[in-house]
Structures are given as C-alpha cells and as structure tokens.
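Welcome, and please open your viewer.

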Amino acid sequence: MKRFISYMLIVMLITTYLPEISWAHLEDAKNYMAWNEDLLNKANKDTEIYYEWPDYYTDKNKSNEQLHMYFKQAGQESTEKSYIFAYGEPTHGRYSDVLELHQYLGKSFNGKLEVPNPPYGWEDDWNGRMLHEWGQVKEPWKVTNTRTGGKLCQKGEFDNEELKSPKSEFSSLEECIQAGMDEVYAGKTYGELNAKRGEGITKNDRKVYIKGMKPEGGAWLPYVHVVVLPTSQTWGQGLMYLKDGTYVTIPIAPFNLTTPDFKPEIFSPFASTGAYTADEVSVNVTVKSTFKNDQETTYKWMVVSEDGKRTYHDKADTECSYSGYGEGASKGSTTIPGKKSTFKAIFNLKLKMPDESIKVIFTINPGNKPEDVQDNNTVVLSIVGHHYEIQEANYVLDYDELSKQLEHKLAGGSISGSMDPPGRSNGYWSDEYNMQGSLPVDIKDNMSGGRTALSGAGVKSGTNEPVDEPSNSVTRSPIIKGVIERSDFNDDPENGVYHAAGEVVNKMIIYYNKLRGNNLTRQYRYHYEHTKPSGKDSKGNTIYTPCSGCSDVYSTDTAYGRFGPGEDLITIKALIYNGMSNMPHVVARDFLKEIENNDTDELSKTILWESQKFPMLVQRWMKHITLTEAGANEEKWVPVEGQYERIFTHQNKAIITWNVDKSIASCYKQDRTNAKNRRKDKASYKYVPFATDRELQSYDYPFKSGYYFNPTGTYSITIHTEIYKDDKGETEEHKALVNRAIESFRYGSTMQYVEKKTPTKLLLQIEDASKDDISVLSPEKLLEAKKAYKYVKDFEIPSWPNESGYTHQYFKEILEGYDESDTIESKEEYKYREYIREGKIFRVVEETTVTFIVNEDNTPVYTYGGMKNGTYHNTVWVEDTNISDITKVKGMVLKGVNGDTPLDHIPITVQGSMYDDLNN
C-alpha cells in the first residue's frame, strides 16, 4: 500500500516539504528515472482497456517532444509503483528563485497542455476559499475567460466522463479524484503550497481543504478539466478554474491507490519522549480497511535495534506481550473488520525497553492475501532509548546468622551528574557561581508480601552530601545502610518462631533520581545587547555603537542539570534451617532388650533393656554481625533454643547372681553322721533325728515320720544394676528387681507336716517384699530375707553447652550435627550443631545382696506320724518372674532356678514312724 507521501513530486500535485530540485537539466532532476519499456507498455495497456485508447503514450508527442518518466517522489527506488509522464524538458514556464524550479515538467501527450511541476506549487494568490468551494465553475471548457475572452480550456476527450475499472471499488474517475484530493491537499496550509513559500503573503496558516469534502452537487468531475489520464501506476492530473482563468492543480490517483486496502497507523506516547531502560513501553497499531467485508489475513511485529542488528520482539528479557487483534504472538493470523464495521482492529504491544534505541515495525498482510496492490502495509516507529542504569545486588543471611549489618554501594559506588550548557548562546560559566542541588534517593521496601528486606534502611551519613561546588560535573557515592533481621523473614528462633527449612527471599528497590528531573542548577552569565561610546562625530557628539561582547555588562540566568537516573534491585536471601524433627537411626543406639543366660539351670543372669526416655532441651549458637567504623565484621554469638527436644535413652543392665551359702546337706551333715553312729541322745540331733536302724543306713537321709524335721539352709542373691536416669540416688528399677528376687525364692518339702493338727506340705516364701525393713519374714516366720544395699557410685554423663568443652559420645548420638548421630551434614551444609541446653544424665550403679535364712532359730517343725513310707524331697528353687513392667519390654520373663538342678535339694526316705520306736 504505497502512500501519497509528498504528492508534490507525483503528477500535478502541490505537496509540502519536498527536496528542492533544480530542473534546469533533465539529468539534474532527482526523481527522473531511466527509460522503462515495461512501464510504458503497462500504461498503454491500461489506456486501451479502460479508455479504449491504444498507444496513448508514444515515444514522442505531437509536438515531437520526447517522453520522460519520473518517480512520484525524488530519490525513490526502482520498485516504486506510481509515476508521472511528461513530454519535453522541465524548463517551461516561470522560474522560482526560491525553489530553483520551473513551473512545468513538460507537455501533455497532444503537445498542447503544460504538465505542471508538482514542487513548484501555486504561483498566484489564494482567494481563501477551500478547494471544494474554490471555483464552482462547472464544465470550464464551456465557460468564457473573463480576462481573455476565450474559453477557459479546450474540452478533453474524457472531461466529465466516467471510467469503469474492474479491479477497483472506486468505480470512476470521480473516485480517483477524491482519493487524490484527500491524500494531497487534506490538512495542508496555503503557506505550504505557495510557490514563493509564503513571502509577503497572508493566509499562510489557513488550511486549503478538508478530507472527504466535495464541490456543490457532490462530484468533482464536472468541475475538473482532465489533463493527464491516470493508469494503474501513473498519476493523472486535472485543472480546476476561476472565471478569470486562474486554476489549481487537481491530483488524480492511480488505480492501484484506489483498490481495497489495509492502512495501518502506528502510535506510541514514547515516540516523542523516548523511554528509559526497563520502562514499560506501549505501542498501538490501528489497521483500517477499505475492503467491503471482513478479511482474514496475517500480521507481523518486529522490534529491532536502531541499526537493525538485534531483535527484541521474541526475547524474554524485553517481556514483549501482544494483545488486541494480535493477541499472544508476534505474528499470526487475524480478521480485519470491513470498512463499514463499527469495530476497530487495534494491535497492542507492550515491552520492557532495552538499553538502546529501537524501531518497532508492524506489517499487516505480509503475504498479500487478500490481494493488496499497495505497498504501505508496513509502518515503522522509532523510540529513542535513554540509558537508565539498572544494577542488581544479592546478599545472603547465612544459616547461623540472626542479624547482619549491611552497607550497599548504590550503583556500584559512583553516580555522575552534569550540567546542561547555558541556555543562551552568549552564556558562559563563572567561578562566582557554584553548581548546587542534590541526588534524590528513594527506598522502596516491603516488596515481598509486606516483609522488610533491610531493617532501618537509609543513606549512610556523609555519603550523599548536597552539591555545592564550582564545577559542571559531580559524582556522588551513596551507601545504603541497614540491618538484615532474620525475624523479617518469618524466622525468629530467638523468640520461638521457626520457619520451615529452605530459603526466604525479600526484595527492595533503591531509586536514584527516580523522577528523572533536573536536580542540579548553576547560575551563568550572559552578555546582553547594549551600546557603548566609540568616539565623536564631526559635531562633537558621542557616537554609540553596539557592543559585540564585553565582560562588564552582563546578566545572569539559570542552567539545569541532573544526575543519571537508575535503580538497584537488592535481593536478600535468608537461608533457614532449624533442625530435623526425627533423628536418623544410629546403630550404636540399637540397645539390647533381652536376658542373657536366661536358663533354669543358670545361677547368674544379665538383664538388658533400654532406659527410660529423658527429653533434653537443646540449643545452637547463632551470631549477630555488626560493622566497625573500619568496615570489619564483629560477631556476637548467642545461644538459641532448638526447635526440637532430643530424647536420651541408653542401655540399662542388671546382673542377677544366686548363691548357696549353707546348703541343706551341710546343715544336716552332723545329724546324719550321728544317726550312722547310732547315737540315741536328743542332743545329737540339732535339726533332724535321722533313723538309726542299721538296715536303713543305705539311704541318704533315712527318716521315720512323726519326729521333727527342721527346715534349714542359707542362700543369697546379688543384684547389680547400672541404670541411666536424670538425677542421682536410688533407682526404682533396682528396688523393684530386688523385691521381685525376694518374692521368687522358694523353700519347700514334699513331706507332710503337722500344721494346726492338719497334715500339710511345707512351702516357705515371702509374698510381699516391698517393705523397707532390712529383713522380711515369711508368714510362717521360718524364712527371713536380709537385704544389704550398697549405692556403689554414680557417673554424670558429661556435656557442654558449646564447642569449648567436652560432650560425651552418648549425647552426640542423639544431638544433630555430629558424626556420631550420622548428621554431620547439618553442621557442614547448614552450620547447625546442637548442644545440651538443660538437663543432666547419670549412670547410677547399685548393688544389693539379699540373704535368705531358713529357720534361723531352728524352730522344731514336726512331721505327720501317719505319713506313708516312700521318698520325699526338700528343695530350694527360684520361680520365674515377669519383669516386663520394670524393663518395659513386652513379655520379658526372668527365669528362675527351677530346672533339673534346683538351687538346693536333698532326697528323704521315710520308713516307719516314731511309733515303731515306741513299741520297740
């Protein structure tokens, strides 16, 4: 879609601000083009089809003048699609010294009419009426010239005739004229069109035409004398007259400019102001359509650097976003509404301005589907880039830091400012006046959900002093000072607030010269016009001449300057680790829960179980970091309570050892010997009067029922325990084990004894050993258990609240941050190590020996006289004992000494009774 951009260089159009071209010689015309046979043939084909006039253009006209071809505008490339034809050289008519141009390009095809030179413009004054009201002379070939008496013009072959173009929605010459008028004259002022460029002419600022207007009657063609016929690529021209013969050039557009068309218009508020680095820039393109119906087509955005070497339209760092009719992509398909639609096809682009000037290029219908013969489908908008310094800085609050004082050098430590030159051409600087001002610094914190990144942030004193110095340039190096507080990151272990492990990021922006305004001023001097005496005239009068410059007469004015704008984006990351809730498995803490040698024939057994659980408060060490005047770090370490308690347990142990101090056999030995010797006196039988019958001596222990058989024997058990607890003193576990041991002891006989005149078996045991007395008696008073308790010693398991002391391995196995607990990575990666904050653990060693004395007073116990003959047994044994309530090990049973080999035993043979002896 070619535009009618400067139509003054097209056909007979009067346009504005075109290059001044000397037409004294043809070759000097910058819009002169070499002979193009194809263009000539195409133009003649058009005239044959549309006007039924073959060979309209020939090499020479009827006056034998050579045909020349011109681009519609000076400097166009050979791809230009609209042209102007004229015969002869451009040396006819008046000559403008201002424009250095002749009035005409040459002659028409018939050699009778002059072809006006578009840049020449209007020669005569303007009557002030807009062009659609200017002449109002219909069919000027019929109207008499009031100055000459002849006709205003000769009627042309196509004056007031219609043209039917099968390719055009503009179906006539009328529409071609309208298109030409709208493009060339709409909005132009008389001053722009006057050949003398407005010298001494009034009405310069008045517009000559409003787009879309028509003469009285609603058509141009009756008023226009057609001088040159348009073709699909060449402009035509006509003349419109006043009755005195004054005329104005009327442009007639080529067919290709009146076909259906897309017309993009690009706009951005930044086109005039430019944009700073990282500014959000918006660009809008409105695509108008002259197609009757909606058209499916394609579009394409491009954003490139000023030199075209770098592209930005698809780069992530410019954050280009596309909306409107081209939503979501830099190129694609869309539907443009037809010309009668109330909808506007608006394409929107937003991007983050790169650090350089850019061109925004938009093309509608790059594939020319639907067919769009004009070439103005691409619009370009330049945006000047102003440097806006953006720097990023990252700081870290480490895992073991509670707070850290920070000093940040804004913009890397140097921000420059400078003065603009004096605003007056004769201004100059004077040391009398200092540059003054200041660098504004604005801190925007609370960018991360309201969290503060740098507590108490501000400009450090002495680093951004006001400007007051005799210079035109200045540098400031502000330092931002503040404290990174862990509590600002939702992690405050000092006060019992623990954030999940990971990192929390807070951000802040520090702007300098955020408003990008003038913040520096300096007075300057300038010399103002005045006269000074330069001598005397012949009459003695003083002669005054203008002073061309002196240092004595001056005034002052203010110049302005500024610091370069920018921002620092500060990201502060707090690394967070507050310990693990569940400690890993440690093999060394696989405590045994069993009884060694737990067999009924074993006298010594070892009980192993895990101690009670003791919660231990722990702490870690964290630091506050401050800066000295010299900029060095000072650290203050403080203990911080850990998030999780650690549980201490260890291996409890008890060794149970049974012993026979005085066996039954040893007690009865003397009595048995006396019976073998057939002693008859009672005094010889302290415990048992064994049978003296010779025939019974082959038995181990022969006995006749009815006599006393006193139970006897002494036994002992030693209970040695090592128990872990959180204080010193006797342990409940030891006491309970002692009591269970006492209650598990048994002394029994299968013989029948006389108990309240009733025959019964003898069974001695202590049913309740919980009494604190040193001795415990059985209900029969025949069994006594004497306890000898010894508190052997206790050992405190050492720990220290920091690294300066010794912490025992047992604690290291439950604390985080040690090899012993398989958590050394917490120390190495997260700078996290725990120490015991509160609580002590002791290993308490106790030992109790219980002595069981059977019938210490040797109380006579008589057997039942009617007891049957046979073998009987006196046995000492230990019952099985469930100790799971003590060890907290489900189903743990301490087996007694009650197997094939009990603790003590003798067999007794009963033969006869005491009555046999009485009868003998």
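A residue is called buried under 20% relative accessible area, exposed over 50%, and partly exposed in between, using a 1.4 Å probe and protein chains only. This is a predicted model, in which local features need pLDDT of at least 70, side-chain atom pairs count only at pLDDT 80 or more, and totals for chains, interfaces and linings use all residues. Residues are numbered from 1 along each chain as its sequence is written, and side-chain values use heavy atoms, leaving out hydrogens and water.

Start with K781, in the loop between β46 (775–777) and β47 (783–796); strands are DSSP runs of E with at least two residues, helices are H or I runs of at least four, and both are numbered from the N terminus. Is K781 buried or exposed? K781 counts as exposed because its relative accessibility is 61%. Its phi is positive, about 70°, although K781 is not a glycine.

Next, select N365, in the loop between β17 (358–364) and β18 (378–383). N365 also has a positive phi, near 60°, but this residue counts as buried because its relative accessibility is 3%. Most residues other than glycine have a negative phi.

Now show helix α6 (residues 664–676). α6 bends by about 40° at Q670, where the bend is the angle between axes fitted to the seven residues ending there and the seven starting there. Its buried residues include I664, Y668 and A675. They pack against strands including β41 (651–662) and β53 (904–913), contact meaning heavy atoms within 4.5 Å. Just after α6, select R678, with a positive phi of about 60°.

Finally, select F709, which touches Y668, M751 and I908, among others.

Key. Expected span 1.5 Å × (residues − 1). Lists of a residue's contacts leave out its neighbours within four places in sequence.
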